[in-house]
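Thanks for asking me to look over this model with you. Have the sequence and the 3D view open, and we can go through it point by point.

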Amino acid sequence: MSIWDTLVGQRPTIAALEKAVAGQGMTHAWLFTGPPGSGRSNAAIAFAAALQCPQGGQGPDCPDTCHACHTVLAGSHADVSVVRTAKLSIGVDEVRDLVRRASLSPMGDRWQILIVEDADRLTEQACNALLKAIEEPNGRTIWMLCAPTVEDVLPTIRSRCRLVTLSTPTTEEVAGFLRARGIEDALATYAARASQGHIGRARALAFDADVRNRRQEVVSMPARLTTLGRCMDAATRLAAAAKDEADAITAELDAREKVDLDAAYGVVERGRRPREYGPALAALEKAQRTRAKRRHLDVVDRGLTDLMSVYRDAIAVATRAPGALVNEDIRDQVESIVDSSTPELNLRRIGWIFAAREQMLEFNVPVALALESMMVALKAPQR
């Protein structure tokens, strides 16, 4: 076993990080980039564990029973802080708290490590606060930033970081990862193809039948978009299914946070609410609404990725591109799309899906409206 076993298809990255752990090319700031699902944050956390581990994350007891490795992976190591956000952005207050921690000496005899998983969501003020900390580092502090591309991070910040670029794992690499975890071959291959190299998505598809069924509903939509009514119905169903899934994910966490807040202010024990409880409850509810919105958009975005894969397959079939389809299991539907379209039209359709995504994520267009407009644009042409 090794701390690097969770990184699928990233051999060059692992080799570079192992050298850094050994002291070759070590620096105080790192920027991990790569496409969604490639494992940016997993790589940063594994690197942090290896740096904190006396055996570099490759001892006989690593990572399961090694105290340093285990606590870093579990999120309980005193000298490793991870910023994750379910909100639309990471604000200056969160970064200032990190900067304060970065100025402290580590409690152990190794490093103070600070990981920002979504550095592309930093606000301008947050970036300015972070820049000063990276420019004037503590001698035993290491910053690790994660973002989809280098362009998602300010030039002044990325110029001070060593770049680590992760790649999308191949279908066979993802399938092998799933087979090693007990998934039978056919399902592992399906999940690997359908996930398009996204490890987290592949896990969900392999282990959860409901996730597979929801995806099947989405990828079956393009072949049915033959009338205006069907387009509107598809948009409604996609929006509603995404909201239901997002609500199911956040409901339990929301309830748990409310219980914790009540306990912190002694609401149950006292039988009444102290004066400070009202503002705290309002702040919690605001944060939960923001998180719910982000989760909803994330689920919709995943559906759009699945839709694009169908049109990508149609282009592959029409142009006789080599290799298996992402949606090999619905090849007959893909071929029906090919019969009623051209590769150029399907390429434009992918562009329309990207446009809908941008409308929702960048310009705050209501999800239902953006999806209705998109589905009408995707409608099959009249013969």
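Below are some numbered notes on strands, helices, a cavity and a pocket.

1. First, how to read everything below. This is a predicted model, in which local features need pLDDT of at least 70 and side-chain atom pairs count only at pLDDT 80 or more, while totals for chains, interfaces and linings use all residues. Residues are numbered from 1 along each chain as its sequence is written, and side-chain values use heavy atoms, with hydrogens and water left out.

2. Let's start with strand 1 (residues 29–33). Helices (H or I, at least four residues) and strands (E, at least two) are DSSP runs, numbered from the N terminus. Five of the five residues in strand 1 are buried, where buried means under 20% relative accessible area, exposed means over 50%, and partly exposed lies in between (1.4 Å probe, protein chains only). In a regular strand the side chains alternate between the two faces of the sheet. In strand 1, Ala29, Leu31 and Thr33 are buried on one side, and Trp30 and Phe32 are buried on the other.

3. Leucine 31 has leucine 145 of strand 4 as its bridge partner, while phenylalanine 32 is bridged to valine 164 of strand 5.

4. Stay with valine 164 for a moment, in strand 5 (residues 162–165). Is valine 164 buried or exposed? Valine 164 has a relative accessible area of 8%, so it is buried. Leaving aside residues up to four places away in sequence, valine 164 touches Thr13, Leu17, Trp30, Leu31, Phe32 and Thr33; contact means heavy atoms within 4.5 Å. Proline 12 is 152 residues from valine 164 along the chain, yet their C-alpha atoms are separated by 9.8 Å.

5. Val92, Val95, Leu98 and Ala102 are its buried residues. These residues lie on the same side of helix 4 because they cover an arc of only 120° around the axis, the arc being that of the directions from the helix axis to the C-beta atoms. Asp93 and Arg96 are exposed on the other side of helix 4. Its buried residues are covered by elements including strand 2 (80–83), strand 3 (112–116), helix 5 (124–135) and strand 4.

6. Now try helix 14 (residues 331–339), whose buried residues are Val334, Ile337 and Val338. They cover an arc of only 105° around the axis, so they sit on the same side of helix 14. The face turned away from that buried side carries the exposed residues Asp332 and Asp339. Helix 13 (277–318) and helix 15 (343–362) are among the elements that cover the buried residues of helix 14.

7. The largest cavity has a volume of about 30 Å³ and is lined by Thr6, Leu7, Val8, Ser38, Gly39, Asn42 and Ile199. On a 1 Å grid over the protein atoms alone, a cavity is a set of points where a 1.4 Å probe fits but cannot get out, a pocket is an open set with protein on both sides within 12 Å along at least five of seven lines, and lining residues have an atom within 4 Å of a point. Grid points are joined across faces, edges and corners, and a volume is the space filled by probe spheres set on the points. The second largest pocket holds about 210 Å³ of space.

Definitions and conventions
Pairing = 2+ DSSP bridges.
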